[in-house]
Amino acid sequence: MTPSIMFVSLIFVGISMLVSMVLKSKFKKYAQVPLSNGMSGKEVAEKMLRENGIYDVQVISTPGFLSDHYNPANKTVNLSPDVYEGRSISAAAVAAHECGHAVQHATAYGPLQMRSKLVPAVQFSSMIVNWVLLIGIVMAASGNSTLLLIGIILMAVTVFFSLITLPVEFDASKRALAWLQHTNVTNANEYPQAKDALKWAATTYVVAALAAVVTLMQYIMIYLGGRRD
């Protein structure tokens, strides 16, 4: 990794840590605000699934903090204990967001399908890309930039995955918030807080995608600079 890439990476690590701190703070804050209807995250999730005509998805508890996710492989909405058992605005917002992914899956939402198909390629690329880029830069210094180009292509796969994740996450939140408001699961005071919580969750994906794009561009510039030399 060159000094310039390391410097930019450190900047984005700092930004990512800051956003993560704000996100955790927001969720802890809204976790202290009880939902007026008293529903748990599990109940909110099951209600949203039913009202969207989805009966083959199971809502289960998974260990960890903010470990919530939807697994399309086994059709499960996995909620962390604080969300699964929680009866707060945070719990309702997160549960509805993850069910938003289940709705995407059920309706064959294009970006989600594309992201799912990319998973095997991204898993392979992530395992070797750093080594390929490192060796590629060393070889490029001696005039052979082929391996560096291969590393750039591998990295481009993971960058595209980060970019396609953005519409998937934004759309899931959009579906969740529309449903929360339409069904009055959150009232007029609770809805803006749920929206704020999901906004900060989405920001983490934006920062990650931006960092990936900038880093890829730097490697491309190194490659082009080597070609000119």
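**Notes on the predicted model**

1. Of the 229 residues in the protein, 44% are buried (under 20% relative accessible area with a 1.4 Å probe, protein chains only; over 50% is exposed, in between is partly exposed). Bear in mind that this is a predicted model, where local features need pLDDT of at least 70, side-chain atom pairs count only at pLDDT 80 or more, and totals for chains, interfaces and linings use all residues. Residues are numbered from 1 along each chain as its sequence is written, and side-chain values use heavy atoms, with hydrogens and water left out.

2. On the fold: the protein has seven helices and three strands (DSSP runs: H or I of at least four residues, E of at least two, numbered from the N terminus). Starting at the N terminus, the order is α-α-β-β-β-α-α-α-α-α.

3. Now the largest pocket, with a volume of about 550 Å³ (space filled by probe spheres set on grid points joined across faces, edges and corners). Of its 25 lining residues, Asp68, Glu98, His101, Glu169 and Tyr205 are the closest to the centre. A pocket here is an open set of points on a 1 Å grid over the protein atoms alone, where a 1.4 Å probe fits, with protein on both sides within 12 Å along at least five of seven lines; lining residues have an atom within 4 Å of a point.

4. Which element gives the largest share of that lining? It's α7, with five residues. Elements supplying at least two each include α1, β2 (69-71) and α4 (89-106).

5. Isoleucine 15 sits in helix α1 (residues 3-31). It counts as partly exposed because its relative accessibility is 36%.
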